[in-house]
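Please review the structure below together with this briefing. The points that follow are grouped by topic.

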Amino acid sequence: MNNIDRHKLWDFLQKQIIIKQLPDIKNKMVLDFGAGDCFLETLLSDTNKFICIEPNANKFKFIYTKENIYKIKGDYKALVNLKDESMDVIFCHNVFEYLNDSEREKIIKEFTRILKKGGFLSFIKHNKIGRILEQIVFKNNFNDYKNVFIENESYSERFGPISYFKDKNIINWSSNKLAMINKFGLRIFYDLQSNMELQKDPKWQKNIIESELFFCKTDEFINMAFLHHLIFIKK
């Protein structure tokens with residue numbers, strides 16, 4: 001299994017874990033900002049309606065298609081065309097690491113504007129400590145971990161430079177209109193298993209999903225997870 005196949009497998013497993021961590025989503029209007037190939041939408045109820053915004057649509061090709069998925073090729077500028085309080089749910093997964101603070105603040109303010117009161121934001125961000133574990137344990141990279149720890153900077157082979165930010169920044173950017181109601185660890189164990197052939201085994205996949213879900217709300221494992229899944233509600 002090469003790295004491309006490995007990324008696809010983890011994406012498949014991760015989205016199943018994410019759905020288990022989310023509140024129930026039925027008969028909702030959902031925005032997925034940075035939707036990739038729209039695979040997450042295909043795993044959710046057909047009663048929902050989705051708007052998927054993806055700046056790299058040529059790369060992802062919006063592979064997955066359903067009648068209830070409306071797709072837009074664009075970046076945060078596309079958000080201004082959405083009406084106030086028009087969304088019940090917003091997904092923003094693994095996007096902000098590749099932006100600067102000015103762009104992040106603009107996007108959170110737009111999310112806050114278009115999200116209904118009582119609606120929720122599902123937000124996935126990189127965890128700096130998890131990234132250090134990944135660099136040393138999985139990638140045998142002993143050159144970059146100091147930059148991650150001291151400079152808050154890293155680099156993704158797929159997407160380029162990464163910069164880290166604190167959870168509370170999201171609340172500050174929303175002018176305290178968003179409140180965090182849940183925090184999960186995500187990708188706690190997966191990358192620590194280096195046997196790529198084992199990862200193809202459906203039984204192993206089932207077990208890794210169950211393990212991730214069992215420990216995802218335990219502080220010790222949240223702290224070491226490669227990703228954090230944050231749930232915010234609009235006050």
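Asn-140, which follows helix α5, has a positive phi near 50°. Helices (H or I, at least four residues) and strands (E, at least two) are DSSP runs numbered from the N terminus. This is a predicted model, in which local features need pLDDT of at least 70, side-chain atom pairs count only at pLDDT 80 or more, and totals for chains, interfaces and linings use all residues. Residues are numbered from 1 along each chain as its sequence is written, and side-chain values use heavy atoms, leaving out hydrogens and water.

**Helix α5**
- Helix α5 spans residues 128–138, and its buried residues (under 20% relative accessible area, 1.4 Å probe, protein chains only) are Gly-130, Arg-131, Ile-132, Glu-134 and Gln-135.

**Helix α8**
- With 14 residues (202–215), helix α8 reaches 20 Å from its first C-alpha to its last, close to the 20 Å expected at 1.5 Å a residue; the expected span is 1.5 Å times one less than the number of residues.
- Trp-204, Gln-205, Ile-208, Ile-209 and Glu-212 are the buried residues of α8.
- Seen down the axis of α8, these buried residues fall within an arc of 135° (taken from the directions from the helix axis to the C-beta atoms), so they line one face of the helix.
- Lys-203 and Phe-214 are exposed (over 50% relative accessible area) on the face of α8 turned away from its buried side.
- A side-chain oxygen of Asp-201 comes to within 3.0 Å of the backbone nitrogen of Lys-203 at the start of α8.

**Whole protein**
- The protein contains 9 helices and 9 strands.
- Of its 235 residues, 47% count as buried.

Technical notes: A polar contact is a pair of N or O atoms within 3.5 Å; within protein, one must be able to donate a hydrogen and the other to accept it, and residues adjacent in sequence count only if both atoms are side-chain atoms.
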